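Me: I would like to learn how to read a protein model feature by feature, with the criteria spelled out as we go. Could we work through one together?

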Amino acid sequence: MLIILFITSCARHRPIPADPQKVWYDHQLTLQNIKNWDLKGRLSIQAIKEKKSGSGTLYWSQKNGIYDISWIFPFGQGKVVLHGDCNLVTLQLPKEKPVTATSPDHLLRSRLGWSLPIDSLNYWVLGLPTPKLATKKLLLDSWGYLENLHQGNWHIHYQKYKKIKQQYLPEKIFLNSPQLKVRLVIQQWNFS
């Protein structure tokens, strides 16, 4: 009986490819062509120096370079909304008027005291390095998918992937910088 259970559980795992580098190359090409996507997940951010943290539900819609990001806090505490493109970004904080700037990084830093590299995150959430920063370290897992990435002052660890429409996409991502610890668990992916 134990042998049958063991064989059944092993059959559910995907086989390790003979050439993980080839899988990585093909995977990158496929993901680079995805321009329109939506995700829903759980996001927690810990600002190390300020000793502040928050968590909530994340909705991110990316359409041809335009993003709409909503971070909704539990128990009716409000939400943070970020809308923008490569030229202009608007931030809406709970109980405040919207503020507009040319850079999401500067806008977040001036309003929240910390910043997330939104222009890099839109690559990182797909499991890709951003072309905007030099790669200091890139480590693949046994299946040819990104496991660890170090770009800029960010270390990104991909803990878990999930198969979505013939592609494996990140399900659990840990991002660390000297200022922030970010945890993202993606519950749902949609492509248009």
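Predicted model: local features only at pLDDT ≥ 70, side-chain atom pairs only at ≥ 80, totals over all residues.

Me: In what order do the strands of the open sheet lie?

Reply: Helices (H or I, at least four residues) and strands (E, at least two) are DSSP runs numbered from the N terminus, and two strands pair if DSSP finds at least two bridges between them. Here the open sheet has 11 strands in the order E6-E5-E4-E3-E2-E1-E11-E10-E9-E8-E7, with antiparallel pairing. Strand E6 (99-101) and strand E7 (135-140) stand at the edges, and because each has a single partner strand, one side of each is left without a neighbour in the sheet. From one strand to the next the twist averages 20 degrees, where axes are lines fitted to C-alpha atoms (for helices over the stretch in contact) and angles run from 0 to 180 degrees between N-to-C directions.

Me: Which strands does helix H3 lie across, and which of the residues of H3 are buried?

Reply: Contact means heavy atoms within 4.5 Å, and buried means under 20% relative accessible area, exposed over 50%, and partly exposed in between (1.4 Å probe, protein chains only). Helix H3 (residues 104-112) lies across strand E3 (66-72), strand E4 (79-84), strand E5 (89-92) and E6, and runs at about 25 degrees to E5. The buried residues of H3 are Pro104, Leu107 and Leu108; seen down the helix axis they fall within an arc of 95 degrees, so they line one face of H3, the arc being that of the directions from the helix axis to the C-beta atoms. These buried residues pack against E3, E4, E5, E6 and helix H4 (118-124), whereas the face turned away from them carries the exposed residues His106 and Ser110.

Me: How many salt bridges does a search of the whole structure find?

Reply: A salt bridge is a side-chain nitrogen of Lys or Arg within 4 Å of a carboxyl oxygen of Asp or Glu, and the search finds 4 of them. One of them joins arginine 111 and glutamate 96 (2.2 Å, N to O), linking distant parts of the chain, since arginine 111 is in helix H3 and glutamate 96 in the loop between E5 and E6, 15 residues apart. Another joins aspartate 38 and lysine 63, whose closest N and O atoms are 3.0 Å apart; aspartate 38 lies in strand E1 (residues 36-47) and lysine 63 in strand E2 (residues 52-63), so the pair ties together parts 25 residues apart in sequence.

Definitions and conventions:
Residues numbered from 1 in each chain as written. Heavy atoms only, no water.
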